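Hello,

Here is the structure I promised to pass on to you. Have a look at it first, and then read my notes below.

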Amino acid sequence: MSTVEVEQVMVVKAELFHQCGYFQGFSDQPDRYLPTLLAPHNTQYLPRDQMERDPNFKQLIPYCIFQHRSADGALQVFQYRRGSGQGESRLHKKRSVGIGGHVSTLDADKHSPYDLGMQRELDEEVIIDTEFEQQLVGLINDDQTEVGKVHLGIVHLFTVTKPSVTARETEIIESGFRPVHELLSELDDFETWSQISLQALFRRL
């Protein structure tokens, strides 16, 4: 009789996050949190199906945003719509500006599981055919939604030389770079994390 292997994902105790300094929305102080949250003695790998229903833990999620400034100086951000086959059913059909996903036991026995997990997710989801600079810019916490209660987003901003980021995964649809002012005018179409990120990073531009 065959058994189905259950995905084990990286989590930290929600209590530990609270101890570092609770916030709702966006924090631009990742250095305040990540040395503690990503310390090997604080992370665990637990069954994803259980963690999706247990707010005592936060699943740590790399959330990568791509921006490009066009020749006329306009700032553009990569965006897409989630297909119905992506892993988190509660986000199906929503638009997003974030690429990434869970760090899992696929990455656990390596030197830097978080970084390897982020790179694995990028390789699975998009093709980046351009030079870029990457910056860790913040964290997202949203305890006002069922999805948000069990996840913590770690936001990385990729500034690309050319707008040459394309979808590799078939469930990333209607993708491409769009002017950031258009995205800000269409916030209601986006998942909550994207709404939070767009407002925190680009509202004042």
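**What I found**

Pro35 is exposed, with a relative accessibility of 58%; here exposed means over 50% relative accessible area, buried under 20% and partly exposed in between, using a 1.4 Å probe and protein chains only. Before going on, please note that this is a predicted model, in which local features need pLDDT of at least 70, side-chain atom pairs count only at pLDDT 80 or more, and totals for chains, interfaces and linings use all residues. Residues are numbered from 1 along each chain as its sequence is written, and side-chain values use heavy atoms, with hydrogens and water left out.

Pro35 belongs to helix 2. Helices (H or I, at least four residues) and strands (E, at least two) are DSSP runs, numbered from the N terminus. Between Pro35 and Ser70 there are 35 residues in sequence and 35 Å in space, C-alpha to C-alpha.

**The two helices**

Helix 2 (residues 30-37) has a partner in helix 1 (residues 14-21): their axes come within 10 Å and cross at roughly 145°. The axes are lines fitted to C-alpha atoms, for helices over the stretch in contact, and the angles run from 0 to 180 degrees between N-to-C directions. The crossing of helix 1 and helix 2 is right-handed, a term for the near helix being turned clockwise from the far one by less than a right angle, with anticlockwise giving left-handed.

Which residues of helix 1 and helix 2 meet? Helix 1 brings Leu16, Phe17, Cys20 and Gly21, and helix 2 brings Arg32, Tyr33, Thr36 and Leu37, where contact means heavy atoms within 4.5 Å. Sorted by class, this contact holds 5 nonpolar, 2 polar and 1 charged residues. In that sorting Ala, Val, Leu, Ile, Met, Phe, Trp, Tyr, Cys and Pro count as nonpolar, Asp, Glu, Lys and Arg as charged, and the others, Gly among them, as polar.

As for disulfides, the count is 0, taking a disulfide as a pair of cysteine sulfur atoms within 2.5 Å.

Is strand 5 (residues 75-82) mostly covered or mostly open? It is mostly covered, with 7 of its 8 residues buried. Several strands pair with strand 5, and two strands count as paired if DSSP finds at least two bridges between them.

- Strand 4 (residues 57-69) pairs with strand 5 in the antiparallel sense over 3 bridges, and His68 has Gln76 as its bridge partner. This hairpin has 5 residues between the strands, and Gly73 takes a positive phi near 90° in it.
- Strand 11 (residues 172-179) runs antiparallel to strand 5 and is joined to it by 6 bridges. Gln79 stands opposite Gly176 of strand 11.
- Strand 6 (residues 95-96) is an antiparallel partner of strand 5 over 2 bridges, with Arg81 and Arg95 as bridge partners.

Strand 11 also holds Glu174. Glu174 is not a glycine, yet it has a positive phi of about 50°. Most residues other than glycine have a negative phi. Glu174 is exposed, since its relative accessible area is 54%.

**Around strand 8**

Strand 8 (residues 132-141) and strand 2 (residues 25-27) run antiparallel and are joined by 3 bridges, with Phe26 facing Ile140 as its bridge partner. Strand 8 is also joined to strand 9 (residues 151-160) by 8 bridges, again in the antiparallel sense. Gln134 stands opposite Phe158 in strand 9.

**Two more residues to look at**

Where is Arg168 found? Arg168 sits in the loop between strand 10 (165-167) and strand 11. Arg168 is partly exposed, because its relative accessible area is 47%. Apart from neighbours within four places in sequence, Arg168 is in contact with Asp123, Glu124, Glu125, Val126 and Ile127. Leu184 lies 16 residues from Arg168 in sequence and 25 Å from it in space, C-alpha to C-alpha.

Asp49 is part of helix 3 (residues 48-51). With 41% relative accessibility, Asp49 counts as partly exposed. Asp49 and Asp109 are 60 residues apart along the chain, and their C-alpha atoms are separated by 21 Å.

Best wishes
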